[in-house]
Amino acid sequence: MSSILRCALLLILCAFVSLCEIIAAPEIRHFAPHAVVPGRTTILTFSGSDLAQASNLWTSFGGKAHRVPNTNENLISFAVTCPPDIHGVHALQLIGAEGASNFQLILADGLRTEPHHDNHQSPSTDLRIKPPVAVDCMLKSEKIDYYTFTANAGERYAIEAIAHRIGSQMDPVVRVLDAQGEELAYCDDGGGVWKDARFEFTAPSAGEYTLAVHDIGYGGGNAFDYRLRVSHDPLVWFTFLVDAAEDGATFEQVGAGIKPAVFGSPVNPSPAPTLSAVPQIAELEPNDSVSTALPVNPPILLHGRVSNGSDIDHFQFRARKDQKLIFQSQTRSLGSPCDLVLRIKKEDGATLAQSELGNSADAALTNKFAEPATYHLEVRELSGNASPNVPYRIHIREFTPGFTLASEKNVLNIKAGQSTKLKVTARRFDYDGLIKLEFRPELSGVTIENATIAEKKNEIELTLKASESAAPGSFQHARLVATNPAHPTQVTTAPALRDAFPLMLNPPSMLDGLFVISTTK
């Protein structure tokens, strides 16, 4: 064989090896539409990298999906049939012979979705819409999208730009303009929805109105998706407990345009009240002083409302000597637009402990009581500028030694016959013992080694090995849990979710703790 021929063959071989090396798991950069219709089949089209190998589409709502032809070789499409009883925010993921993609969020929304042209970035090229309607769009950098509709005098509209709640990096601003271009309404951050815009608008007279939508920093591109909803649906801010009688609890929804038995927007808080294994009690006014404090008996779940910015609620409880109690509030994680300050006080008014200020997480406080006595929990809003009647929950419970567990990865792609590592970190609370870990359900075709965190240690690297016979493209979802009988604890994947959805205050609960383990070529 001549040296020239050998060199040519070597170059071809190197090119083939390089090509094999650059083939990777699919990565989704954008998909549309951003919603599936309950009870119907929707075609979802994806753009990104390494998509050609994707043969499977997993959905958290159990939708049936199959790949359909797409004339654009840079895009792939799947037909997804959504069950009729599905509503709200859900997740999806592409999977193929080279592994599983990043998680994406999608809505199940019965509102009609209208296609849009790609050139509605000026009032003269606005997109005409006919509410009730939704439009899925990807914002262009340094641009404003314009939408025009006709309204009757006094007609009420619920308007939402859903962005960070479906994983977008867009921080939307929505303006309502009249036919002369005068601004009638403006919304940047809707109360309780963090960065998204959500508000109610009533047309003052019959005529044409325009919605101007843009990012607060005028950003744009693949990561700046949004779903604009213009409807007459109710906008539910939150659900809270009104009364907890022995014969049943009474709950109330707060928002705009509330109608019984109507779901409304798919990103509304669930109308179903949260069930609790501990007793629940609703705050009763007046309880704005130590003398009118509401007596409670931990463990208990308190439901209260900040009636105005200066409102202070008091709860009275008994504590034993050396008893250690945890006070965990819920506000932002429930969609309530307020931040709390918790204080533990003695009967003489002296402060024993206070929750940390300036923390983006819901207020929490742990205290060990040196003396048996009656104490008071004081609850106030941090800024003093809270909207009227915003709700909160506070879970008071006994401290028990234990731990929390976390992982910065939630997608594990393993070559058949090879292994990968998964780091798990622990935070211990008066517990120094072994922490034993296992996947539930048990993984098929994948073995786990080094699944015990040693005494007094705070991290471990698990080894997951796929069998030689594992089929490329096979996948399974599971949760990693500590099997210690006294401390059954799930590994949270919140760090990975915050990295994937950076504008989300609270990562989607359906994905927290969920791992995908896929086998690749």
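Arg165 and Asp196 meet through their side chains in a salt bridge, at 2.6 Å from N to O; the term stands for a side-chain nitrogen of Lys or Arg within 4 Å of a carboxyl oxygen of Asp or Glu. This pair links distant parts of the chain, 31 residues apart: Arg165 sits in the loop between β13 (156-162) and β14 (172-177), and Asp196 in the loop between β15 (183-187) and β16 (197-202). Strands here are DSSP runs of E with at least two residues, numbered from the N terminus. Both Arg165 and Asp196 are buried, where buried means under 20% relative accessible area, exposed over 50%, and partly exposed in between (1.4 Å probe, protein chains only).

Keep in mind that this is a predicted model, in which local features need pLDDT of at least 70 and side-chain atom pairs count only at pLDDT 80 or more, while totals for chains, interfaces and linings use all residues. Residues are numbered from 1 along each chain as its sequence is written, and side-chain values use heavy atoms, leaving out hydrogens and water.

Now look at Asp109 and Arg229, whose closest N and O atoms are 2.8 Å apart in another salt bridge. Asp109 lies in the loop between β9 (104-108) and β10 (127-128) and Arg229 in strand β18 (residues 225-231), so the pair ties together parts 120 residues apart in sequence. Asp109 is buried at 2% relative accessible area, and Arg229 is buried at 2% too.

Arg175 and Glu183 also form a salt bridge, at 2.9 Å from N to O. Here Arg175 is partly exposed at 24%, and Glu183 is partly exposed at 44%. Elsewhere, shared partners join Asp109, Asp136, Arg227, Arg229 and Asp233 into one network of salt bridges. The count comes to 19 salt bridges.

As for the cysteines, the structure holds zero disulfides, a disulfide being a pair of cysteine sulfur atoms within 2.5 Å. Cys82 is buried at 1% relative accessibility, and Cys338 is buried at 0%.

Methods:
Helices (H or I, at least four residues) and strands (E, at least two) are DSSP runs, numbered from the N terminus.
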